[in-house]
Amino acid sequence: QVQLVESGGGLVQAGGSLRLSCVASGRGFTINTMGWYRQAPGKQRELVAGFTGGGSTNYADSVKGRFTISRDNAKNTVYLQMNSLKPEDTAVYYCNAQILSYGSIFSRPYWGQGTQVTVSS
């Protein structure tokens, strides 16, 4: 069984920075893609930043130039560096990974438990 565990959320003032981390753990798997989503109260979950299967990155327009996604393949870890945070960035941030377990034909999505990011004005 694969687990995704996020860390790094918290409370920060507008203009500040946070760095989120997500580690995938378990046995016998490979990661196809990893990314970050967020869900604010009363809103749908949305993609914030992610890696495609080819290794390129994509970002939501609202975070371009402020957030940077990176990954350490050896550690099965993805990071989200968030700078110049705004109150509208307040949300629960979820790590997502498309994972192929050994012995399976198809990959499937996994989600972390979420980490709260609160930006005060």
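A search of the whole structure finds one disulfide, a term used here for a pair of cysteine sulfur atoms within 2.5 Å. This disulfide joins Cys22 to Cys95, with an S to S distance of 2.1 Å, and the link of Cys22 and Cys95 is left-handed, with -80° about the S-S bond. Cys22 lies in strand S3 (residues 18-25) and Cys95 in strand S9 (residues 91-101), so the pair ties together parts that are 73 residues apart in sequence. Cys22 is buried, with a relative accessible area of 0%, and Cys95, at 0% relative accessibility, counts as buried too; buried means under 20% relative accessible area, exposed over 50%, and partly exposed in between, with a 1.4 Å probe and protein chains only.

The model is a predicted one, in which local features need pLDDT of at least 70 and side-chain atom pairs count only at pLDDT 80 or more, while totals for chains, interfaces and linings use all residues. Residues are numbered from 1 along each chain as its sequence is written, and side-chain values use heavy atoms, with hydrogens and water left out.

The protein has zero helices and eleven strands, where helices (H or I, at least four residues) and strands (E, at least two) are DSSP runs numbered from the N terminus. Strand S3, which holds Cys22, also belongs to an open sheet of four strands with the order S1-S3-S8-S7 and antiparallel pairing; two strands pair if DSSP finds at least two bridges between them. Strand S1 (3-7) and strand S7 (67-72) stand at the edges, each with a single partner strand, so one side of each is left without a neighbour in the sheet. Within the sheet, S3 is joined by six bridges to strand S8 (residues 77-82), and the two run antiparallel; Leu18, for example, has Met82 in S8 as its bridge partner.

Turning to the protein as a whole, the C-alpha trace spans about 50 × 25 × 25 Å along its principal axes. With 121 residues, a compact globule would have a radius of gyration near 14 Å, and the protein agrees with this at 14 Å; the radius is taken over C-alpha atoms, and the globule rule is 2.2 Å times the number of residues to the power 0.38. Buried residues make up 38% of the 121 residues. Of the contacts (heavy atoms within 4.5 Å) with a separation of 6 or more, 56% are accounted for by residues 24 or more positions apart.
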